[in-house]
Amino acid sequence: GILFKRSAWLVVFGAIHLFGLWGGDILLIYGATGLLAVLFVRVGTVKLCIVAVVLLIIGTAWESLFSAGPVFDAELRAELKPMFWEPTEEGIKAEIARQNGPLVDRLANRIAEGRDFLLFSFLLGGMLPVTLGLMLGGMVLYRTGLLRGEWPLTKTVPLAIVLLGAAWSLDLMQVAALKAADYDFDVYSLNHWKAALDGFLGGFGYCCLVSAIVGASARQSALAAGGRMAFSNYIACTLIGTTLAVGHGFDL
């Protein structure tokens, strides 16, 4: 009941954030996916782990195919490259005008951008199975004790080293591939699976690192306070950034 209520409120705050403040919102995605995750709370841990891994594999393949689309469609490539990779001077001026225009126009643009984000990224682009898979994986890690700081240092420290080493190596491989191709858009589009995989490995690695710090420290209150501030920090970044940069603030 508590999880369902919190996810529902996260949908409300996420919708306000996405459609009213900033198009890069993730709260609405987390809230909507959290409502689905509630359906899995009584699934056994082993089955839950299997479902999580399957969702991550399916979602990553889905996202990777979606990301690779411009490589195989010249018309789509011509449309998306200026949008995501090499913005034109005209495109930059148009974006500044959208960000600094009248409030009604900005809200209309946010609503349109938010709608497209939910449709193309979340529902059609593979983000839903990935996000749900990560949430179910987090449930497994909570049940097995990692997210409660119960794994021994002999397990968390080596895991953190291996996982973060693997994630950072994948990062370096992506950078090297982009540099070798002179930052070609096609190379970027084809490398999504590496970005997803290093995200999974890195996320797991940082969980192990934080768990190790918690397990080795007698003073955990500061870490706990930081964790409880996640929502406030997220919203504060948007309020500060948009106030400095967007039309309702200082137009920077």
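Residues are termed buried under 20% relative accessible area, exposed over 50%, and partly exposed in between (1.4 Å probe, protein chains only). The figures show a predicted model, in which local features need pLDDT of at least 70 and side-chain atom pairs count only at pLDDT 80 or more, while totals for chains, interfaces and linings use all residues. Residues are numbered from 1 along each chain as its sequence is written, and side-chain values use heavy atoms, with hydrogens and water left out.

**Figure 1. Overall view of the chain, with 12 helices and zero strands.** Helices (H or I, at least four residues) and strands (E, at least two) are DSSP runs, numbered from the N terminus. In that order, the elements read α-α-α-α-α-α-α-α-α-α-α-α. A box of roughly 55 × 40 × 35 Å, taken along the principal axes, is filled by the C-alpha atoms. Of the 252 residues in the chain, 27% are buried.

**Figure 2. Cysteine residues in a structure with zero disulfides.** A disulfide is defined as a pair of cysteine sulfur atoms within 2.5 Å. For Cys208, the closest cysteine sulfur belongs to Cys207 and lies 6.9 Å away, which is too far for a bond. Cys208 is buried, its relative accessible area being 0%. Cys237, by contrast, counts as exposed because its relative accessibility is 58%.

**Figure 3. The nonpolar surface patch and the contribution of helix H3.** Val46, Ile50, Val54, Ile58, Trp62, Phe66, Leu119, Phe120, Leu123 and Leu124 make up this patch, whose accessible area together is about 910 Å². Two or more residues each come from helix H3 (45-72) and helix H6 (103-123). H3 gives the most, with six residues. Val54 is placed in helix H3 and is partly exposed, at 39% relative accessibility. Patches are built from residues with over 30% relative accessible area and no salt bridge, like charges being joined within 9 Å and nonpolar side chains (Val, Leu, Ile, Met, Phe, Trp, Tyr) within 5 Å. Accessible areas come from the Shrake-Rupley method with a 1.4 Å probe, and for residues only the protein chains shown count as cover.

**Figure 4. The salt-bridge network of Arg77, Asp184 and Asp186.** Side chains of opposite charge can pair when their charged atoms come close. A salt bridge here is a side-chain nitrogen of Lys or Arg within 4 Å of a carboxyl oxygen of Asp or Glu, and six are found in the whole structure. Arg77 pairs with Asp184, with 3.7 Å between the closest N and O atoms. This pair links distant parts of the chain, 107 residues apart: Arg77 is in helix H4 (residues 74-84), and Asp184 is in the loop between helix H8 (153-180) and helix H9 (185-190). Asp184 is partly exposed, with 26% relative accessibility. Arg77 also forms a salt bridge with Asp186, where the closest N and O atoms are 2.7 Å apart. Here too distant parts of the chain are linked, since Arg77 in helix H4 and Asp186 in helix H9 are 109 residues apart.

**Figure 5. The salt bridge between Arg148 and Glu150.** The N to O distance between these two side chains is 3.1 Å. Arg148 is partly exposed, and its relative accessible area is 35%.

**Figure 6. The buried side and opposite face of helix H12.** H12 comprises 16 residues (residues 230-245), which at 1.5 Å a residue should span 22 Å; the end C-alpha atoms are 23 Å apart, in agreement. The expected span is 1.5 Å times one less than the number of residues. Ile235, Thr238 and Thr242 are the buried residues of H12. They lie on the same side of H12 because they cover an arc of only 55° around the axis, the arc being that of the directions from the helix axis to the C-beta atoms. Exposed residues Cys237 and Ile240 are carried by the face turned away from the buried side.

**Figure 7. Positive phi values at Tyr183 and Asp251.** Most residues other than glycine have a negative phi, and most peptide bonds are trans. Tyr183, in the loop between H8 and H9, has a positive phi of about 55°. The relative accessible area of Tyr183 is 40%, making this residue partly exposed. Asp251 lies in the segment after H12, and its phi is near 60°. Asp251 is likewise partly exposed, at a relative accessible area of 42%.
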